[in-house]
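Colleague: Please take a close look at one part of this model, the packing of its helices. Keep it brisk.

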Amino acid sequence: MTSATADDVRRALTGVIDPEIRRPITDLDMVGDIVVESGHARVDIRLTIVGCPAADSIERDVDAAVRAVPGVAAATINVGVMTPDQRRALTERLRGGRAARVMPFGPDSLTRVIAVTSGKGGVGKSTLTANLAVALAARGVRVGVIDADVHGFSIPGLMGLVHDGAPATPTRVGELILPPVAHGVKVISIGMFLRAGDSGAVVWRGPMLHRTLTQFLEEVFFGDLDILLIDMPPGTGDMAISVGQMLPHAEVVVVTTPQSAAADVAVRSGLAAGKTGQRVVGVIENMGPFTLPDGTVMSLFGEGGGNAVAAALSTDDEVVPLLASVPLSVPLREGGDDGMPTVLAHPEDPAARVISALADRLLTSGPSLVGRKLPLSTN
């Protein structure tokens, strides 16, 4: 049998990815001593915190990686916890030299920020945000979602991050908050911070809403994202104003239904975004006409709302397009109830196909990086 060395084992562990931070554990100083004697490998692993929710997953992956090394016949994985100094060093490494409590999604960031908004509730904005995020992640895009709808948060449930009636809890490493990951998407929501047994009702005014958004943007470690989606609350209230102030460069997508009453209200949310300097890049019509098996087209919520909103938000200088008309879909609704986005569970569904095409369209319509300074260093 080929003799294995500690270096062989360490190289194998570069393929083990921390499921929360999404980086190799060897890059995070989570691998301690490695000893290989007579084909028996003993590996020390340092978790970020006591009770790390990813502990079992990391231990399984490490064990599998070690046993796959040629020459290793047995493996013992010793799981410990980082010291305070090691955690501080980790948080500094993750920040990449950036000072604490600094918002990383400013105008110079390479992350594309897209706020998904609507004039009124009940138009399926959150369902579209969740499915769009998953569709983008399936294309290899690094995606994060902020559930900014504090009073009516629903993203954890839509993304399958609710277990036994309680949303997944983020992990804290020092001052950093590590967002839970679902379907390749990093997600944060106020629902993840409510105490067990809480009714789930958040009764806050403007200052608390602004503070929550600030914490999500400054203290949550999303890592290097390509796209950050923000699921906005309906209307033009305090949170919309805060997002406009903190992310004036964000792109805005307005969601409406074909119904004229919903379309009229949706226009207001787009106009409000424009007043803060944000750019409306398109409109999505949800619950649109759908086709029955016999070929009959049903328009339960009317027709034309999406085009009407797009026309109302267009100017002589810039046309706001109707990006997609998503047909009314039972699987889309069921996927939201089950926590399994329809683009994954039923990719053949007409609504899923439209959302997937929407993801492709957004990827090809992004801002150019020509002339942008890349965050590279020769050190």
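Modeller: Angles under 35 degrees count as roughly parallel, over 145 as roughly antiparallel, 65 to 115 as roughly perpendicular, and the rest as oblique. This is a predicted model, where local features need pLDDT of at least 70 and side-chain atom pairs pLDDT 80 or more, while totals for chains, interfaces and linings use all residues. Numbering starts from 1 along each chain as its sequence is written, and side-chain values use heavy atoms, without hydrogens or water.

Start with helix 4 and helix 12. Their axes (lines fitted to C-alpha atoms over the stretch in contact, angles running 0 to 180 degrees between N-to-C directions) come within 9 Å and cross at roughly 65°. Helix 4 and helix 12 are therefore roughly perpendicular to each other. Helix 4 brings L128, N131, L132, A135 and L136 to the contact (heavy atoms within 4.5 Å). Helix 12 answers with I355, S356, L358, A359, L362 and L363. By class, that contact of helix 4 with helix 12 has nine nonpolar residues, two polar and no charged. Nonpolar means Ala, Val, Leu, Ile, Met, Phe, Trp, Tyr, Cys or Pro; charged means Asp, Glu, Lys or Arg; the others, Gly among them, are polar.

Two cavities of 30 Å³ or more turn up in the whole structure (a cavity is a set of points on a 1 Å grid where a 1.4 Å probe fits but cannot get out; lining residues have an atom within 4 Å of a point).

Next, helix 8 (residues 260-275) and helix 9 (residues 305-313). Their axes come within 9 Å and cross at roughly 35°. This crossing is right-handed. Helix 8 uses A263, A266, V267, G270 and L271, and helix 9 uses G305, V309, A312 and L313. That contact counts seven nonpolar residues, two polar and no charged. V265 also sits in helix 8. Beyond its neighbours within four places in sequence, V265 touches G119 and K120.

Last, helix 1 (residues 6-13) and helix 2 (residues 55-67). They pack at about 130°, axes 9 Å apart. Helix 1 and helix 2 are therefore oblique to each other. Helix 1 passes helix 2 in a right-handed crossing. V9, A12 and L13 of helix 1 meet V62, A65 and V66 of helix 2. This contact has six nonpolar residues, no polar and no charged.

Technical notes:
1 Å grid on protein atoms, 1.4 Å probe; cavity = no way out; pocket = protein on both sides within 12 Å on 5 of 7 lines; lining within 4 Å. Points joined across faces, edges and corners; volume = space filled by probe spheres on them. Helix = DSSP H or I, 4+ residues; strand = E, 2+ residues; numbered from the N terminus. Left-handed = near helix turned anticlockwise from the far one by under 90°.
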